[in-house]
Amino acid sequence: MKKIFWQSIIVITVILGGFYFFKMEKAIAPEVQNNSSDLISYTDPTGAISFNYNKEFSVKNGLNTSTNDWRLDSQMPGTILATLWVPRSYMPRTNFNEAKIVFGRSNDPVAISSCLNADTNAMEKSEGEVTLSGKSFKKFTEKDAAAGNFYETTSYRGILDGDCYSILYTIHSGNIGNYSPDQGVKEFDLAKIQSELEKVVQSFKFLVNSD
């Protein structure tokens with residue numbers, strides 16, 4: 001009987017000791033928080049702009065060559081300062097394909113004169129004015145669909161130091177109806193990806209000193 005009693009005492013002591021140790025370990029363990037170390041700061045090679053972005057994304061320097069791709073559906077030339085990509089792997093097993101932000105600039109007179117106007121040929125919709133880096137920008141949105149793919153584009157354009165600057169991001173997704181249930185593909189979180197892209201836009205800094 002004594003043997004059973006002492007065995008019971010030992011078992012209870014071990015259990016209580018383990019519980020106490022776990023509780024103390026949890027109390028002193030540091031909390032993992034998202035902070036500035038999760039972001040990467042980028043400045044384009046020309047020194048015109050900078051922004052912060054999620055370390056899961058990637059950025060490519062712009063080429064110092066003339067292109068119409070500096071803004072959406074442009075008929076006038078400009079240059080791309082930087083392009084940021086959000087890979088499909090950021091939202092796995094969803095109908096999300098990719099997203100990207102293009103930072104562009106043009107000193108073309110026609111591009112500057114039409115910089116703050118909605119492109120009616122591209123079905124752009126004006127969403128009013130916003131302030132980025134202490135500067136006034138016009139916001140535009142556009143939606144497009146083709147062959148089971150959806151494209152949602154948000155553009156910000158402003159005239160800074162005499163040039164037209166464009167910040168636009170496009171979210172590309174597939175029609176969820178094109179996937180069979182056995183594929184296990186879910187609708188992607190549009191609000192989440194929009195929030196991530198807007199964080200990049202809101203971190204935008206214009207670095208050029210005006211003459």
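Mentor: Start with burial: "buried" means under 20% relative accessible area, "exposed" means over 50%, and "partly exposed" is in between (1.4 Å probe, protein chains only). This is a predicted model, where local features need pLDDT of at least 70 and side-chain atom pairs count only at pLDDT 80 or more, while totals for chains, interfaces and linings use all residues. Residues are numbered from 1 along each chain as its sequence is written, and side-chain values use heavy atoms, with hydrogens and water left out.

Trainee: Fine. How much of the protein is buried here?

Mentor: Of the 211 residues in the protein, 36% are buried.

Trainee: And what is the secondary structure?

Mentor: Helices (H or I, at least four residues) and strands (E, at least two) are DSSP runs, numbered from the N terminus. In this protein, they come to three helices and 10 strands. Walk along the sequence and you get α-β-β-β-β-β-α-β-β-β-β-α-β. As for contacts (heavy atoms within 4.5 Å), take those with a separation of 6 or more: 56% of them are between residues 24 or more positions apart.

Trainee: Are Cys115 and Cys164 buried or exposed?

Mentor: Cys115 and Cys164 are both buried.

Trainee: Now the charges. How many salt bridges are there?

Mentor: The general idea is that side chains of opposite charge can pair when their charged atoms come close. The cut-off used here is a side-chain nitrogen of Lys or Arg within 4 Å of a carboxyl oxygen of Asp or Glu. By that rule the structure has three salt bridges.

Trainee: Let's begin with Lys55. Which residue does Lys55 form a salt bridge with?

Mentor: Lys55 pairs with Asp38, and their closest N and O atoms are 3.6 Å apart. This pair links distant parts of the chain: Lys55 is in the loop between β2 (49–54) and β3 (58–61), while Asp38 is in the loop between α1 (2–28) and β1 (39–43), 17 residues apart.

Trainee: What about Arg157 and Glu124, how far apart are their closest N and O atoms?

Mentor: They are 3.1 Å apart in the salt bridge of Arg157 and Glu124. Here too distant parts of the chain are linked, with Arg157 in strand β8 (residues 149–160) and Glu124 in the loop between α2 and β6, 33 residues apart. Arg157 and Glu124 are both buried.

Trainee: Where do Glu196 and Lys199 lie?

Mentor: Both belong to helix α3 (residues 190–202), with Glu196 and Lys199 three residues apart, about one turn of the helix. Glu196 and Lys199 form a salt bridge, and the closest N and O atoms are 3.8 Å apart. Glu196 is buried, with a relative accessible area of 14%, but Lys199 is exposed at 51%.
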